[in-house]
Amino acid sequence: MTNIGLIDPDRLAWIPLKFWKHHEFCFFLHDQMAAYLTEYEETGAHHWVINQFDRIAKENGHDPRKIDALALLRKDDLEPFYRHHLVSHIVLGLTADMLHFVFESLNCFEKRKLSVAYALLRKPLKENLLFLSWLLGSENDFLARFEKDNYMTLNGITPDRRAHIFSAAISRLATKDAFNSDLLEHLIFSKEHPRGFEPIWQRATHLITSQGSNLKTEDLNINFIFHDPNSDELYETLYANLPYILIYMVQTTLECFARTVPTRAQANTHLILSTMGAYESLFLPGNERGITKELQKQFKSFLKCMQCSAPLKLTKD
């Protein structure tokens, strides 16, 4: 099987044949997140607090436009509403922005616009995903930094701190054993890791680079300007990393949505089960069954025969 059948093969013509399934899977993950984002926005959760605030103000003869709503909501007895207001807006904004960039990046990879594609992929993974992970794993810390001097407090994060942010977020996911915080930090941020995105992102964004042994622009070269458009090397790195990172993104996004809106447990479970099962079946070689074992452990209570209620066992096949 060369493709999954989710995307017209004509769109995949410029992508190496062996990565058609990878690309379709990545687009599927994007589309699932986009669908959940649409549902989240349609709930109006980000308007709940301010709408109620405006209603109460008008009922008491006040013009809500002349009242500093956030200052009032910061009071101790209203603090949960203040937090809901901030978190709901942050999650909606960060997720929408993140998916816009991922979508355009994947489209550019279909056209072999590799410099543009990698440049577009940099921001959503290095910044949006990190902030969503931070909000999920350490909400109090993130909001405290967001409220004051965020140009400093949410900037210049060290590698150890990033690994801690990912670790705290992973601890809140349904399949926490499937992800590794150090690996995520290396794949997304490291200038030295052999599989890392950062050296490619830097070269895609800057014509001349110098920091790190993997980033020095060669003599008689300008980054990406003379890159062979027929070379498949950059697709190798892309699809070795992106499906794994996007699966993490899916679960992180779901948990962030759940912070402010009641979730549909069965729908979330189905999405996590299907995406991780598909990832293993499509891409993991031989007898690597780590994800299957993790799913078996996490969803044991759900895995029962519809006819006799006997326990079911997941296999890679």
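Rings of Phe, Tyr and Trp (its six-membered ring) pair if their centres lie within 6.5 Å, and a pair counts as stacked with planes under 30 degrees apart, as edge-to-face with planes over 60 degrees apart, and as tilted for the rest. This is a predicted model, in which local features need pLDDT of at least 70 and side-chain atom pairs count only at pLDDT 80 or more, while totals for chains, interfaces and linings use all residues. Residues are numbered from 1 along each chain as its sequence is written, and side-chain values use heavy atoms, with hydrogens and water left out.

**Exercise 1.** Find which residues form one aromatic cluster.

Solution. The structure holds 19 aromatic pairs. One aromatic cluster is made of Phe19, Phe109, Tyr118, Phe197, Trp201, Tyr235 and Tyr239.

**Exercise 2.** Classify the pair of Tyr279 and Phe283 in the manner of Exercise 2.

Solution. The centres of the two rings, Tyr279 and Phe283, lie 5.7 Å apart and their planes stand at 70°, so the pair is edge-to-face. In helix H12 (residues 265-283), Tyr279 and Phe283 are four residues apart, which means that about one helical turn separates them.

Key
Helix = DSSP H or I, 4+ residues; strand = E, 2+ residues; numbered from the N terminus.
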